[in-house]
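Here are my notes for a first look. Please read them with the model open.

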Amino acid sequence: MKHTKNVGNVSDHLANERTFLAWIRTSIGIMAFGFVVVKFSLFVKQISLLLGKDNIIQSRGYSSMFGIILVAAGAVTSVLSYVRFKQTERQLKEGAYNHSSLLITLLTAFIFFASFFLIAYLLKTT
């Protein structure tokens with residue numbers, strides 16, 4: 001029977017777990033924001049129908065699509081954070097930790113492009 005030695009100390013493993021949980025909170029936040037975007041779009045459409053004004057919101061708005069993309073991005077972030085958590089755990093056990101900023105880079109790029117798209121969309125509709 002092969003016994004795996006826990007090379008990384010306890011605080012390293014706990015830090016890895018805290019980082020994973022922070023990424024999970026981030027992914028939940030992204031998904032919640034996406035949900036709010038979709039529901040707000042539906043709310044505005046319903047209010048416009050109640051007021052009898054079809055031109056309050058464009059029928060070809062991108063809010064719903066953008067919200068769904070945000071929810072999907074949050075789900076992908078949670079999966080990637082779990083993969084990174086397991087990689088770091090394995091590296092700590094092997095005593096050979098290698099830092100990777102791929103997840104941070106991907107999420108930052110996504111948020112930048114999403115913000116750019118949202119700004120362009122808001123400028124177009126105002």
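Is Ser27 buried or exposed?

1. Ser27 is buried, because its relative accessible area is 1%. The cut-offs are these: buried means under 20% relative accessible area, exposed means over 50%, and partly exposed lies in between (1.4 Å probe, protein chains only). Ser27 sits in helix H1. Helices here are DSSP runs of H or I with at least four residues, numbered from the N terminus. Setting aside neighbours within four places in sequence, Ser27 touches Gly74, Thr77 and Ser78. Contact means heavy atoms within 4.5 Å.

2. A word on the basis of these notes. This is a predicted model, in which local features need pLDDT of at least 70 and side-chain atom pairs count only at pLDDT 80 or more, while totals for chains, interfaces and linings use all residues. Residues are numbered from 1 along each chain as its sequence is written, and side-chain values use heavy atoms, with hydrogens and water left out.

3. Now the rings. The structure holds five aromatic pairs. One of them joins Phe20 and Phe85, with centres 4.9 Å apart and 35° between the planes, and is tilted. The rule covers rings of Phe, Tyr and Trp (its six-membered ring) with centres within 6.5 Å; planes under 30 degrees apart are stacked, over 60 edge-to-face, and the rest tilted. This pair links distant parts of the chain. Phe20 lies in helix H1 (residues 10–50) and Phe85 in helix H2 (residues 63–94), 65 residues apart. Both Phe20 and Phe85 are buried.

4. Why is the pair of Tyr82 and Phe85 tilted? The ring centres of Tyr82 and Phe85 are 6.4 Å apart and their planes stand at 35°, so this pair counts as tilted. Tyr82 and Phe85 are three residues apart in helix H2, so about one helical turn separates them. Their exposure can be compared with the cut-offs above. Tyr82 is partly exposed, with a relative accessible area of 43%. Phe85 is buried, at 14%. Phe20, Tyr82 and Phe85 form one aromatic cluster.

5. Last, charge. Side chains of opposite charge can pair when their charged atoms come close. The count is one salt bridge, meaning a side-chain nitrogen of Lys or Arg within 4 Å of a carboxyl oxygen of Asp or Glu. Glu89 and Lys86 form a salt bridge through their side chains, at 2.8 Å from N to O. Glu89 and Lys86 are three residues apart in helix H2, so about one helical turn lies between them. Lys86 is partly exposed, because its relative accessibility is 36%.

Terms used:
Helices (H or I, at least four residues) and strands (E, at least two) are DSSP runs, numbered from the N terminus.
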